Amino acid sequence: SMAFEEKTQTRLIFDHCWSCEFDKAKCRWIEDNYKPKQIFTDICRLADPEGCPTFKGPPDHPEPVQLFIAGTSCKDASRLNIHQSDRRYSVQAEENTTDETFHGYYKYVQLTKPAILILENVPALKDPIKPKGGVEPKYASNFHAVKSLLNQLGYAFASEVFDSALVHIPQRRN
């Protein structure tokens, strides 16, 4: 944020309101290192009227935020998945984990309308969807499905591919 402040003469202050992670060991790590007010355990249920399961305590409702950063499942879209070519339709078909986690994210966005969204996933989200059973897909790719759905909510949309090693994560992954 120092580089941003120097270039824009604007200081940003972030308050880590809550996190969402299903893995208990990662929840403990988040709690120990970032101390958010709440840790939810199921992105698919962030907008659930009865509340979302939490790491500690009863189900709760995540508070609305201005900046919502999320990474949804990439298992169906990843080129490392041997079934990827058959699952490129997952967001438009509303099935498989890539879609379930994206739609959990999407329902929370619909409900709370954050000012800024950042969504992380794999470049293969842009891989073209092929006709299935002779039926042309509604979207050209899972990426186009995500973009279209967020555009329908009134969000502008831009994308960029980053190498995680450039932000000091010890792996080379886009």
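**Fold, charged pairs and surface of the predicted chain**

Of the 174 residues of the chain, 37% count as buried. The model described here is a predicted one. The accessible surface of the chain comes to about 11400 Å², and carbon and sulfur atoms account for 55% of that area. The chain contains five helices and four strands, and read along the sequence these elements follow the pattern α-β-α-β-β-α-α-β-α. Among contacts between residues at least 6 apart in sequence, 46% join residues at least 24 apart.

Side chains of opposite charge can pair when their charged atoms come close. In this model the count comes to four salt bridges. One of them links glutamate 31 with lysine 56, and the closest N and O atoms of this pair are 3.1 Å apart. Glutamate 31 belongs to helix H2, whereas lysine 56 sits in the loop between E2 and strand E3 (67-71), so the pair ties together parts that are 25 residues apart in sequence. Glutamate 31 counts as partly exposed because its relative accessibility is 26%. Lysine 56 has a relative accessible area of 51% and is therefore exposed.

Another salt bridge joins arginine 11 to glutamate 5, with 4.0 Å between the closest N and O atoms. Arginine 11 has a relative accessibility of 61% and so counts as exposed, while glutamate 5 is partly exposed, with a relative accessible area of 26%. Aspartate 48 and arginine 45 also form a salt bridge, in which the closest N and O atoms are 3.2 Å apart. Here aspartate 48 counts as buried, because its relative accessibility is 17%. Arginine 45, at 32% relative accessibility, counts as partly exposed.

Glutamate 21 is a charged residue without such a partner. It lies in the loop between strand E1 (18-20) and helix H2 (24-34). Glutamate 21 is buried yet has no salt bridge, and the nearest side chain of opposite charge, that of lysine 26, is 4.6 Å away. A salt bridge requires the side-chain nitrogen to be within 4 Å of the carboxyl oxygen. The side chain of glutamate 21 does reach the backbone nitrogen of aspartate 23, at 3.0 Å. When neighbours within four places in sequence are left aside, glutamate 21 is in contact with Lys26, Cys27, Ile30, Phe40 and Thr41.

Aspartate 23 in turn caps the N-terminal end of H2, where one of its side-chain oxygens lies 3.1 Å from the backbone nitrogen of alanine 25. After H2 comes lysine 35, which has a positive phi, near 50 degrees.

Glutamine 38 is part of strand E2 (residues 38-40). Its side chain and that of aspartate 60 are joined by a polar contact of 3.2 Å.

Phenylalanine 4 is found in helix H1 (residues 2-8). With a relative accessibility of 39%, phenylalanine 4 counts as partly exposed.

Methods. Residues numbered from 1 in each chain as written. Predicted model: local features only at pLDDT ≥ 70, side-chain atom pairs only at ≥ 80, totals over all residues. Heavy atoms only, no water. Helix = DSSP H or I, 4+ residues; strand = E, 2+ residues; numbered from the N terminus. Buried < 20%, exposed > 50% of the residue type's maximum accessible area, 1.4 Å probe, protein only. Lys, Arg positive; Asp, Glu negative; His and termini not counted. Polar contact = N/O pair within 3.5 Å; in protein donor to acceptor, adjacent residues only side chain to side chain. Contact = heavy atoms within 4.5 Å. Areas by Shrake-Rupley, 256 points an atom, 1.4 Å probe, with all protein chains shown as cover.
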